[in-house]
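Trainee: I have a model open and would like to learn how to read its features. Could you walk me through it?

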Amino acid sequence: MTNTTKLLAPASLGPLTLPNRLLMAPLTRNRAEADGTPTPLMAEYYAQRASAGLIIAEAATPNAVGQTYPNITAVHTPRHVAGWRLVTDAVREAGGRMFLQLQHGGRVGHPATSGLTPVAPSPVPLPETIFTPDGHRPAVVPREMTAEDIRTTVADFARAARNAMDAGFEGVEVHSANGHLLHQFLARNTNRRTDGYGGSIAGRIRFTAEVTEAVAAEIGADRVGLRVSPGNTVNGIAEGETEEIYPALADRLGGLGLAYLHLVFADPDSPVFGKIRAGWPGTLVANPVLREMSGPAIEQASARLLDAGADLIALGRPFLANPDLVTRLRLGAPLNQVRDRYLMYVGGATGYTDYPTLAGTGAAAQPSSDSIVAFDGPRVA
């Protein structure tokens, strides 16, 4: 079996049968309405990519204070649910399946965006500016979450998961990665608590575990994934004890029967990858770092991860720029490159729904000169 054949072979995920092992990773694109409601343009975007084995839709906030940037999605009001239903209906009609990622920004937020002071495990501000409707502004000191805040937020995640199911999703992914709220609880530099949610590794993994357990209790564990990014320093994170945190988290949650555990920046040669794979009893989704956008690069990176024990491969930018990525990989066709300047904060169809497909431009299709942007170093796929 070739690497491409293995990637394109069917697979099981919880109650789902996937037509291939390629997942579209969640990608924040800032195309929602100001209140977080998904738009018809978003329905078109996701339906274009329905050939993915599973689409994990971009991060949606479970409450108002969890908003990170302008025009990101949410899933805590009836209007949000109705907007997402347009998206899931379009994807299902195109033959696809979707999970929704649930993300609370924690200290990655700003009153100019949400109208609220961000909350976090400890009052430690983001060490950089943050994008708001008024442009980049200095981060504010977040309010330390009380025990009641923690209980309320756990409940908000569970309610958001139920909303996602009502909106037509097959399941949800709990986001505990990339420096957002749950990751902030895991990291020593952002979690300076002295109660049961800080200090020891057991204390620092507790919030992520309780959120995941509550979501699983609400919609069924086999409809829930968890995303983590061991050692990732984005958004000013310094975890400490990375090689102990994630095996401990996997051990606590391993008996739940979750749909999957999703590793960002997955490196099959890293000790933490091996420890997680050895200790995780279920499906492991791996999101590789790609140093170039090409079919051979995707096949090589994916093969290394599958050989190391990953079950499914999640790709972000390749799906972003190639609505028909599965077809291109099957045919060995060239890939469109990402137009970085249209990635976030811009809005509209340009760089979003206008990437060409082979069917639309011929078998030898190449991206327009406007779309060719060289990668500037390691990129998470």
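**Reading the model**

Mentor: Happy to! The end C-alpha atoms of residues 6-335 lie 19 Å apart, and this span is 37% helix and 19% strand. Keep in mind that this is a predicted model.

Trainee: Which feature does UniProt place at residues 6-335?

Mentor: An unreviewed UniProt entry gives "domain: NADH:flavin oxidoreductase/NADH oxidase N-terminal" for residues 6-335.

Trainee: Let's turn to empty space. How is it found?

Mentor: The general idea is that a probe the size of a water molecule, rolled over the atoms, shows where empty space is left. In this model, the count comes to one cavity of 30 Å³ or more. The largest cavity has a volume of about 40 Å³.

Trainee: Which residues line the largest cavity?

Mentor: The lining consists of Thr 88, Val 91, Arg 92, Gly 96, Arg 97, Met 98, Gly 168, Phe 169 and Glu 170. Helix H3 (residues 78-93) gives the largest share, three residues. Sorted by class, the lining of the largest cavity has three nonpolar, three polar and three charged residues.

Trainee: Now a single side chain. Is Arg 277 buried or exposed?

Mentor: Look at the relative accessible area: Arg 277 has 18%, and because buried means under 20%, Arg 277 counts as buried. Arg 277 sits in helix H10 (residues 271-279).

Trainee: What does Arg 277 touch, not counting residues up to four places away in sequence?

Mentor: With those sequence neighbours set aside, Arg 277 touches Gly 282, Leu 284, Ala 308, Gly 309 and Asp 311.

Note on methods:
Residues are numbered from 1 along each chain as its sequence is written. This is a predicted model: local features need pLDDT of at least 70, side-chain atom pairs count only at pLDDT 80 or more; totals for chains, interfaces and linings use all residues. Side-chain values use heavy atoms; hydrogens and water are left out. On a 1 Å grid over the protein atoms alone, a cavity is a set of points where a 1.4 Å probe fits but cannot get out, and a pocket is an open set with protein on both sides within 12 Å along at least five of seven lines; lining residues have an atom within 4 Å of a point. Grid points are joined across faces, edges and corners, and a volume is the space filled by probe spheres set on the points. Helices (H or I, at least four residues) and strands (E, at least two) are DSSP runs, numbered from the N terminus. Ala, Val, Leu, Ile, Met, Phe, Trp, Tyr, Cys and Pro count as nonpolar, Asp, Glu, Lys and Arg as charged, and the others, Gly among them, as polar. Buried means under 20% relative accessible area, exposed over 50%, partly exposed in between (1.4 Å probe, protein chains only). Contact means heavy atoms within 4.5 Å. UniProt positions are given in the numbering used here, feature names are shortened, and annotations may be inferred rather than shown by experiment.
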